[in-house]
Amino acid sequence: VGDQNTRRGSLKIWQEPRQGMRYAIGADPADSGVGGSRSAAIVVDARTLRHVATLAGFWEPYTFTRLLVELGKRYNNAVIAPERNNHGISVVEGLSYLWKYPNIYRTRTKVGNTVRLGWITNTETRHTMLDNLRAAIADESFFTQDEELVEELFTFEEDESGKARAASGARDDLPLATAIALMARSQYPVVRRAYVTAPLSR
């Protein structure tokens, strides 16, 4: 559909929300200070796995949270899954307590079986979400028209310790947000089967 520039970032939309459709948003919050990383969010159609919008820019947590709320409401109150590590805690709390967003992804912990808001990234869940992303690309069930995301996927590699991350000088915020979005769609139990669409292409 087109680009919508915001202060210090942009919103790219390829497909406007459709009535009755469910959407999932994966968010990778980051430090917006000098030399800081970029915050990013990916919106996917929860049924087809089509990538419909990208929000990315250099914002402090408060502004990024507000933009996520606007994006989520625009896409039919999409489930939002912000990574709750580090700066993500502020985003999760903002979504829940300040903006009272009604549809935040919930994680159930193994220890204590408690429910936590947001996506928790640790060694185990990082492997799970990246394996799920690789599978969605390999079986062509994920479709994107975002050239920047594709470029970042091509530079996403394993380091000497076996941890997948961006190559030196490259970014990995869009692939990580995408991986979280694909995990977030599982919040909708009726869409767990795969729907094959067009292949990932440049």
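So, Y105 and W119: both of them are buried, and by buried I mean under 20% relative accessible area, with exposed being over 50% and partly exposed in between, using a 1.4 Å probe and protein chains only. Before I go on, this is a predicted model, so local features need pLDDT of at least 70 and side-chain atom pairs count only at pLDDT 80 or more, while totals for chains, interfaces and linings use all residues. Numbering runs from 1 along each chain as its sequence is written, and side-chain values use heavy atoms, with hydrogens and water left out.

Back to the rings. Rings of Phe, Tyr and Trp (its six-membered ring) pair if their centres lie within 6.5 Å; planes under 30 degrees apart are stacked, over 60 edge-to-face, and the rest tilted. That rule gives four aromatic pairs. One of them is Y23 with Y75, which is edge-to-face, at 5.0 Å centre to centre and 70° between the planes. What does that pair connect? Y23 lies in strand 3 (residues 23-28) and Y75 in the loop between helix 1 (61-74) and strand 6 (79-82), so the pair ties together parts that are 52 residues apart in sequence. Both Y23 and Y75 are buried.

Y105 is in the loop between helix 2 (88-98) and strand 7 (106-108), and W119 is in the loop between strand 8 (115-117) and helix 3 (123-138), so here the parts tied together are 14 residues apart in sequence.

When I say helix or strand, those are DSSP runs numbered from the N terminus: helices are H or I with at least four residues, strands are E with at least two. The protein chain has five helices and ten strands. Of its 202 residues, 49% count as buried. And for contacts, meaning heavy atoms within 4.5 Å, if you take those between residues at least 6 apart in sequence, 63% join residues at least 24 apart.

Now the sheet, and strand 5 (residues 51-57) in particular. Is strand 5 mostly covered or mostly uncovered? Mostly covered: seven of its seven residues are buried. Strands pair here if DSSP finds at least two bridges between them. Strand 2 (residues 9-13) runs antiparallel to strand 5, with five bridges joining them, and I13 stands opposite A53. Strand 4 (residues 39-45) is also antiparallel to strand 5, over six bridges, and there I42 stands opposite T54.

A41 is buried, with a relative accessible area of 0%. Leaving aside neighbours within four places in sequence, A41 is in contact with several residues, including I25, A27, A53, L55, F64 and A177. A41 and I180 are 139 residues apart in sequence, and their C-alphas are 9.3 Å apart in space.

Most residues other than glycine have a negative phi. L49 is not a glycine, but has a positive phi of about 65°. L49 belongs to the hairpin of strand 4 and strand 5, which has five residues between the strands, and at 8% relative accessibility L49 counts as buried. K100 is also not a glycine and has a positive phi, about 55°. Where does K100 sit? In the loop between helix 2 and strand 7, just after helix 2. K100 is exposed, with a relative accessible area of 60%.

As for helix 2, its buried residues are G88, V91, V92, G94, L95 and S96. They pack against helix 1, strand 6 and strand 8.

Last thing, a pocket. On a 1 Å grid over the protein atoms alone, a pocket is an open set of points where a 1.4 Å probe fits, with protein on both sides within 12 Å along at least five of seven lines, and lining residues have an atom within 4 Å of a point. The second largest pocket has a volume of about 340 Å³, volume being the space filled by probe spheres set on the points. Of the 15 residues that line that pocket, the closest to its centre are T107, R108, K110, N122 and T125. Strand 7 and helix 3 each supply at least two residues of that lining.
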